[in-house]
Amino acid sequence: MEINSGLFLLVGAALFSIGLAIVILKRHAIMVLMGIELMLNAVNLNLIAFSQHDPVRLQGQLFSLFVMIVAAAEAAIALAIILQVYRHFNTVQLDEMNELKK
Amino acid sequence: MVQIVFYLFVLFTLGSALAVLLTKNVLYAAFFLLLTLLGVAGLFVLAGADFLAVSQIMIYVGGVLVLIIFGVMLTHKTDTAKTDYTEPNFILTKHRSWLWALLVAGGIFSVLYRALVRGNFVLLNQGEPSYRSTVDTIGRQLMTEYLIPFEIAGILLLVALIGATTIAASSRTK
């Protein structure tokens, strides 16, 4: 196929930057979680772009498989924590949780 | 032909990622995240990772995104009182100032762009990759070279499952 592998790296870099901007910009805890998922996906794209030149061992693809597993576990735990935070503070807006500042 | 499909998938992925960034509605952002993850799965197929694309769709679209949408539904405010940070329509969220987000994200992107354009990756210049199904190799690798990480990942998922239910249910008993 005639796709330049460097383009995958550039798309991964752009996706990572967008995810980072989401994490910084949003005030909703679940939006921050979405930004983190986007950043993990960008890293997976990088690993797979390199892995297509390593067809015997496929180290990059296996690495990104494990990244996906850890990301799934992280999302489950994070949402449980967000539910608990919502029950305690009655909000999920991150700027309203300022108990230590008072 | 393949290149046209590739650029279409790139536009699709980056466009819906930007929509996640720009929209203020958390539920719309979750749906745009679904489109982004599907676009990334398409890019995985174009990079020759068929098994990873299928597991991306199954894990992220089928698992994580359903979890996120349930999180949005379970944490919305039913009263429509306006606070400093939410509009009366409770599912909207406000943005912080754009300055720091654009500064940090733009800075990191420009650094990465320069590094990737100037860099000369030896692995990527080793000629055309051959395309065949990766399922066979991944299965063999998981049972030989990556057996211990595979088992640890299983234990991690079990611990995460028990931990998530414990954390989410802990206040019900009081």
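The model is predicted, so local features need pLDDT of at least 70 and side-chain atom pairs count only at pLDDT 80 or more, while totals for chains, interfaces and linings use all residues. Residues are numbered from 1 along each chain as its sequence is written, chains are lettered from A and ligands numbered from 1 in the order in which they are written, and side-chain values use heavy atoms, with hydrogens and water left out.

Chain B contains six helices and zero strands, these being DSSP runs numbered from the N terminus (helices: H or I, at least four residues; strands: E, at least two). Of the 174 residues in chain B, 34% are buried. L99(B) belongs to helix α4 (residues 98-118) of chain B. Another exposed residue is I152(B), at 53% relative accessibility; I152(B) is located in helix α6 (residues 147-169) of chain B.

Over all chains, three salt bridges were counted, each defined as a side-chain nitrogen of Lys or Arg within 4 Å of a carboxyl oxygen of Asp or Glu. In one of them, D95(A) pairs with R27(A), the closest N and O atoms being 2.8 Å apart. D95(A) lies in the segment after α3 (59-89) of chain A and R27(A) in the loop between α1 (5-25) and α2 (29-51) of chain A, so the pair ties together parts that are 68 residues apart in sequence. R27(A) is buried, with a relative accessible area of 17%.

A further salt bridge links E145(B) and R57(A) (2.3 Å, N to O). Because E145(B) lies in the loop between α5 (135-143) and α6 of chain B and R57(A) in the loop between α2 and α3 of chain A, the pair joins two chains. E145(B) is partly exposed, at 38% relative accessible area, and R57(A) is partly exposed, at 34%. D136(B) and R140(B) also form a salt bridge (2.9 Å, N to O); these residues are four apart in helix α5 of chain B, and therefore separated by about one helical turn.

How values were computed:
Buried means under 20% relative accessible area, exposed over 50%, partly exposed in between (1.4 Å probe, protein chains only).
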